[in-house]
Amino acid sequence: MTKEILKQVPQVLEHPIIVLHSDTSRNADYASRIFMYGDVKDAAGKPVNVSLELLPTDRNGLVVDNIAVLSAYGHESYRAGKVVQGEILMLTRTQKEPPLG
């Protein structure tokens, strides 16, 4: 991912199109994680996925009073047919074009 695209990650955080809860069926540690997509795309044209840990912990297991950005990368799994309705936390669309490809 290029520097120019990384600089746009705050735009995804401020103006997400879709916010989803992480799938906890395979790993219960993901229960406090969400991920979101916005209008930012990587160099290959894939929507940028930004993952957040809402309850990060320190080395002693104590919850830290902040939210951690875990990752940001181009990801193709966001497609209407692959999103389970129960995972959607927020869905917005402010532009007239179709969402993310």
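His15 is exposed, at a relative accessible area of 55%; exposed means over 50%, buried under 20%, and partly exposed in between, with a 1.4 Å probe and protein chains only. The model is predicted: local features need pLDDT of at least 70, side-chain atom pairs count only at pLDDT 80 or more, and totals for chains, interfaces and linings use all residues. Residues are numbered from 1 along each chain as its sequence is written, and side-chain values use heavy atoms, with hydrogens and water left out.

His15 sits in the loop between α2 (9-14) and β1 (18-21). Helices (H or I, at least four residues) and strands (E, at least two) are DSSP runs, numbered from the N terminus. Met36 is 21 residues from His15 in sequence, and their C-alpha atoms are 9.6 Å apart.

Now take Pro16. This residue also belongs to the loop between α2 and β1. Pro16 is buried, with a relative accessible area of 12%. Its C-alpha lies 5.6 Å from that of Tyr37, 21 residues away along the chain. Beyond neighbours within four places in sequence, Pro16 contacts Met36, Tyr37, Gly38, Met90 and Thr92. Contact means heavy atoms within 4.5 Å.

Turn next to Ile67. The loop between β3 (47-53) and β4 (68-74) holds Ile67. Ile67 counts as exposed because its relative accessibility is 53%. With Leu54, Leu55 and Val63, Ile67 makes a nonpolar surface patch of about 360 Å². Patch residues have over 30% relative accessible area and no salt bridge; like charges are joined within 9 Å, nonpolar side chains (Val, Leu, Ile, Met, Phe, Trp, Tyr) within 5 Å. A salt bridge puts a side-chain nitrogen of Lys or Arg within 4 Å of a carboxyl oxygen of Asp or Glu. Accessible areas come from the Shrake-Rupley method with a 1.4 Å probe; for residues, only the protein chains shown count as cover.
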